[in-house]
Amino acid sequence: MGLFAELKLAVPWGHIAAKAWGSPHAPPVLCLHGWLDNANSFDRLIPLLPKDFHYVAMDFGGHGLSSHYSPGLPYYQENFVSDVRRVVAALKWKRFSIMGHSFGGVVGGMGVEDVLTYRRGAIEHMLQVEASQKPRQVVSPEEMLQRFLKNNSHVSEECARLLLQRGTTEVATGLIMNRDRRMALPEYSMDFISRELFVHSAKKLQAHVLLLKAIQGYYNVRRENDSDRNVLLFVMDTLKSVVKERFQYVEVPDNHYVHLNHPQNVAGFISAFLLSKETAPHEL
């Protein structure tokens, strides 16, 4: 499946960048990348998926080739939800599917009513970064690659180069990162809602849901092991009891970046899900 187009969608603070595959007349699938990643996260997976869909992978604000948010505007989770709504409106989509990796899945599955509006740590961090006025660090391509691999041990060198291709800009003396420095820790932009609120939200969910969990997945990214499964088990149990037959859960081999490192491990499940639910809204 060839790249159909690079998109640049106007927003009040600049633009949201995206890339698209397949015919724009086919059923649409919006692809949402993970924290600090970009639309290239889906480059190796989408060619393995059914050709009769229109896939659009967007860069969240402050990521990839999208504009940074204006000074003073924090990167809260609800802002990324707004990014999604703006993209969907610009594309004039009425019904579509969502395929999200990690943080992208969280954004795709939430409603604005679920957010917390004030987090002191996030605001303090934003103000500190804006006040520092430090110039962006310029490093050589090789040093940039090695730093990225050190901070993202689950990403292969080939996949790291793919993400850095869209995540950096070449200047006279080397490379600089594209992403906004106001984004540091996901805790500053992610909302951790109560279990009661999650159940309340799940009861409103009308879509079909496929949850793919890498066996050496999420917790290994920032933790030493994957033994703390309480949150995941709660999410699974809630979806099973509330969404019922519209919920599917599959564990696959590999780690948190399985969709990028070994997309063949998940492509079959995603393809079957898309094809079986083509006429209904759904979320991956």
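1. Across the chain the mean pLDDT is 86, and 86% of the residues reach 70 or more. Please keep in mind while reading the points below that this is a predicted model, and that pLDDT expresses the predictor's confidence in each residue on a scale from 0 to 100.

2. Two stretches call for care. Over residues 113–118 the pLDDT stays under 50, although the model gives this stretch 13 contacts beyond four places in sequence. The pLDDT is also below 50 over residues 222–226, a stretch with 10 contacts in the model beyond near neighbours in sequence. Where pLDDT is low, the predicted coordinates should not be read in detail.

3. Turning to the helices, how do α6 and α8 cross? Helix α6 (residues 195–204) and helix α8 (residues 230–242) have axes that come within 10 Å and cross at roughly 35°, and the crossing in which α6 passes α8 is right-handed.

4. The residues that meet in this pair can be followed on the structure: α6 contributes R195, F198, V199, A202 and K203, and these meet N230, F234, V235, T238, L239 and V242 of α8. Sorted by class, the contact of α6 with α8 is made of 7 nonpolar, 2 polar and 2 charged residues.

5. A search of the whole structure for cavities of 30 Å³ or more finds 2, and the largest cavity has a volume of about 80 Å³. Its lining consists of L36, D37, N38, G64, F148, L163, L164, G167, M177 and R179.

6. The residues that line the second largest pocket are H68, Y69, P71, V129, E130, Q133, K134, D180, R181 and R182. When these lining residues are divided by class, 5 are charged, 3 are nonpolar and 2 are polar; E130, K134, D180, R181 and R182 are the residues of the lining that count as charged.

Conventions
Residues are numbered from 1 along each chain as its sequence is written. This is a predicted model: local features need pLDDT of at least 70, side-chain atom pairs count only at pLDDT 80 or more; totals for chains, interfaces and linings use all residues. Side-chain values use heavy atoms; hydrogens and water are left out. Axes are lines fitted to C-alpha atoms, for helices over the stretch in contact, and angles run from 0 to 180 degrees between N-to-C directions. Helices (H or I, at least four residues) and strands (E, at least two) are DSSP runs, numbered from the N terminus. A crossing is left-handed if the near helix is turned anticlockwise from the far one by less than a right angle, and right-handed if clockwise. Contact means heavy atoms within 4.5 Å. On a 1 Å grid over the protein atoms alone, a cavity is a set of points where a 1.4 Å probe fits but cannot get out, and a pocket is an open set with protein on both sides within 12 Å along at least five of seven lines; lining residues have an atom within 4 Å of a point. Grid points are joined across faces, edges and corners, and a volume is the space filled by probe spheres set on the points.
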